[in-house]
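Subject: A structure for you to look at

Hello,

Here is the structure I promised to send you. Please open it next to this email, and then read on for what turned up.

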Amino acid sequence: MGVGGSRLEHARHPLWVRAAHWIGAAAFLGLAVSGVAILLALPKLFWGETGANDAPAWVSLPLPVNLEQTGWGRNLHFLSAWAFVIAGGLYLAAAALGGRLYRRLWPDRDQVRPAHLAGEVRDHLSLGGDPRAAYAPRYNALQKLAYLAVLLVLAPTMLLSGLTMAPGVTAAFPELFTLFGGRQSARTVHFLTGCGLVLFLAVHLWQVLANGPRALMRAMILGRPERRDRR
Amino acid sequence: MSDVTRRGLLVGATGLAAAGLGGCDLVADGPGRGGLYGASDWLTFHVQRWLLRHQPLVREFGPEAISAVFPTINTVDPDDPAYRRSKAAGFSDWRLPVTGLVARPMAFSLADLKAMPARTQITLHACEQGWSAIGQWTGVPLSQVLLAAGLKPEARFLVIRTVDGWWDTYDLFDALHPQTILAYGMNGGDLPVKHGAPVRLRVERQLGYKSLKYLASIEAVDRVDGIGQGRGSMVGELGFSWYAGI
């Protein structure tokens, strides 16, 4: 991976990772905003196959009903979804095949010992942060687990539950209905998983701001955290 | 699986079991729009048409699954003098003209349609607003109507118009699908007025907005870009995708 074998190696992000990160970030923003716009046509959640205004809901969300936001909402949602799926799919394939997923995101053995994890939880809750985090030799275990949860659990669940709401897709793969327990269940799972991703984003932004945001941002934009990238 | 084919329709004599052309031969490039949303539509349309290339049927349920309440949106009782008269007469004077690129332009009465081979299906209706309901639909496959009228080889799309001024277009991939029916019955009875009486369309592999209510006419055409704003449907002109498989 790249040149130089210093401890800074870890802090460097190759172009394809940075591109996937920012395309994914922009697409996620589009998906979240348009997702809420679509939700406003029926801000209620149901389990099973069917659900409607006149049917008993599992949850009625405290959101205003608005039927006029569906058109642009759907357009932006599916455009963003394509960007998210294409960039995310290429990233995952490259990260898995190139070994990056295992080398950089899989927790090391010493990181998953209970005492170590407890120490990490304490560090995170102290809110102090580490201004040199961008230069850390490796991601911490909670960070790794959060990234893996997004990449391997939340994002795939989001995609599959979304596709379960697509009649053209379920005509080809009715198994999706079985997987989620019905169209409305998939819709509810889609919403809850989306909330999980928004929660991840909030924590992610908090961690960036708390741990030397300038170096972290430089690393994710320019590829390396130090100011001078080459002498 | 592909028991309805273009050749079957065109030849007619061998009926709908004629093989030869697969589903993909029925895919015409749908009406598009420019820009990024057009690219997104294009991807969705072509990926889904590939996934559906063997023309699978959507799930069908047993009668116990039928929803107690089936929501209605948009028009629930067309405010049209001719429609009101027709409704008062039990739709005995209602006619469905099938024109355009057909060998035998004709107008079907409700009795004509009911005399044709019928299909009953209990399916999940999904609205773009987010709700879904299960209903039982009885009607004549659209392919049977096109067979009777003799669809010409150059026909690629159907323009379907409704009493309340809606219109949409369909390529033959969807029009000839076995579950695409002109429904005159719902949940064992006549199709209620609020659900599109006397006849509505069912296009089961797309969202509810493609299943038009209150059918007024069917026209076979070779292209749709000259109709209206060229977006292929009324909802297309309101900013929605022509293809609603997602």
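A word on terms to begin with: helices (H or I, at least four residues) and strands (E, at least two) are DSSP runs, numbered from the N terminus. Please keep in mind that this is a predicted model, where local features need pLDDT of at least 70, side-chain atom pairs count only at pLDDT 80 or more, and totals for chains, interfaces and linings use all residues. Residues are numbered from 1 along each chain as its sequence is written, chains are lettered from A and ligands numbered from 1 in the order in which they are written, and side-chain values use heavy atoms, with hydrogens and water left out.

Let's start with chain A. Its secondary structure consists of 9 helices and 2 strands, and the order along the sequence is α-β-β-α-α-α-α-α-α-α-α. The C-alpha trace of chain A spans about 65 × 35 × 30 Å along its principal axes. Chain A has 231 residues, and 42% of them count as buried (under 20% relative accessible area; exposed is over 50%, partly exposed in between, with a 1.4 Å probe and protein chains only).

Is Ser80(A) buried or exposed? Ser80(A) is buried, because its relative accessible area is 6%. Leaving aside residues up to four places away in sequence, Ser80(A) touches Ala27(A), Gly30(A) and Leu31(A); touching, or contact, means heavy atoms within 4.5 Å.

Now for the place where the two chains meet. Here 33 residues of chain A are in contact with 39 residues of chain B. About 2,700 Å² is buried between them, with 65% of that coming from carbon and sulfur atoms (buried area is the accessible area, 1.4 Å probe, that two parts lose on being put together, summed over both). On the chain A side, Arg74(A), Asn75(A) and Trp82(A) lose the most area to chain B, together 21% of what that side buries.

How many salt bridges does the rule find across this interface? There is 1, counting a side-chain nitrogen of Lys or Arg within 4 Å of a carboxyl oxygen of Asp or Glu. Glu49(A) forms a salt bridge with Arg59(B), and their closest N and O atoms are 2.6 Å apart. The elements giving two or more residues to the side of chain A that touches chain B are α2 (70–97), α6 (167–172) and α8 (183–210) of chain A. Of these, α2(A) gives the most, with 10 residues.

Enjoy exploring!
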